[in-house]
Amino acid sequence: MCRLLAVVSATPRGVADVVGQKVLDAWAAMSRFHRDGWGAAWVDAAGGSPSLRYQRSVLPAHADPDFTARALAPSRATLMHLRWASTGMDVTGLNTHPFVSGGTALAHNGYIAPINVLDSELPVDVVDACRGTTDSERYAQLVHHHQEAGLALPEAVQRAAAELRRLHPSASLNAVVLGTGSLVVVHANEAAVPDVAAMHAGGMTVDNALAEHLDGRYYRMSVKRLDDGTLAFSSSGIPREGWVTLPDETVTAVDLASGEVRQRGLLEG
């Protein structure tokens, strides 16, 4: 169970600048419960040739000054992730999102289980490439598998998510995937059921529950478009003004060079 945030802009901007301090503060405050680490990936265009950079920490975002620094740092595209480890998953650097392979970073919000069954369903090279124990890293390596077969990032993400959807109809596959040429956002499946027992075990109660965490909207994904065309994407739990819910079971791809946005059904094509 995790939180996702991403921004894309025509000129380098920090996440805090794009979403505003109120939204960023609300998002970071969720690390009181999503406290099993945070990570980020961004496109660095220094020197004229874009490259993917990333940073991961096992500290909770609200207690790590590096989180604030990264949220302020400008980039054409940035994704950020807060981790709440699924039951039985170790809190280690190897299990911290985003997972990076072949110049692509993926952060996931969901749980595809059980792992031993998932491993039996995936190509051998996908499982062998994983260094940690999470389902999310397997998702990332499946995307990379399809890129290696020649698909562009948006198509590789859609292919991987569609395969996982057919195998695991009720799993949340929400993800943000970043490469040097595009940002891809998967919204699937909004109706997935979070691990409420784990939430309660982690200290969440009806009285202190964060917005949209115990009311069936935990896996909702939203988008906000600024007047200059800048886009922000977020999972639930933030102030909603100006944000629009993404259609469920969709893949949205933003071309970083042109700003073109393409949205397709998860199982389309």
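T104 is buried, with a relative accessible area of 6% (buried means under 20% relative accessible area, calculated with a 1.4 Å probe on protein chains only). The model is predicted: local features need pLDDT of at least 70 and side-chain atom pairs pLDDT 80 or more, while totals for chains, interfaces and linings use all residues. Residues are numbered from 1 along each chain as its sequence is written, and side-chain values use heavy atoms, leaving out hydrogens and water.

**Surroundings of T104**
- T104 lies in strand β6 (a strand is a DSSP run of E with at least two residues, and a helix one of H or I with at least four, each numbered from the N terminus).
- Not counting residues up to four places away in sequence, T104 touches L52, F99, Q147, L153, V177 and L178 (contact means heavy atoms within 4.5 Å).
- L52 is 52 residues from T104 in sequence, yet their C-alpha atoms are 7.3 Å apart.

**The sheet**
- Six strands form an open, antiparallel sheet in the order β5-β6-β7-β8-β12-β13 (strands pair if DSSP finds at least two bridges between them).
- The edge strands, β5 (99-101) and β13 (261-265), each pair on one side only.
- Strands β8 (residues 182-187) and β12 (residues 250-255) are joined by six bridges; S182 has D255 as its bridge partner in β12.

**Helix α7**
- Helix α7 (residues 153-167) packs on the sheet and touches β6, β7, β8, β12 and β13.
- Among the buried residues of α7 are L153, P154, A156 and V157.

Conventions
Axes fitted to C-alpha atoms, helices over the stretch in contact; angles between N-to-C directions. Buried < 20%, exposed > 50% of the residue type's maximum accessible area, 1.4 Å probe, protein only.
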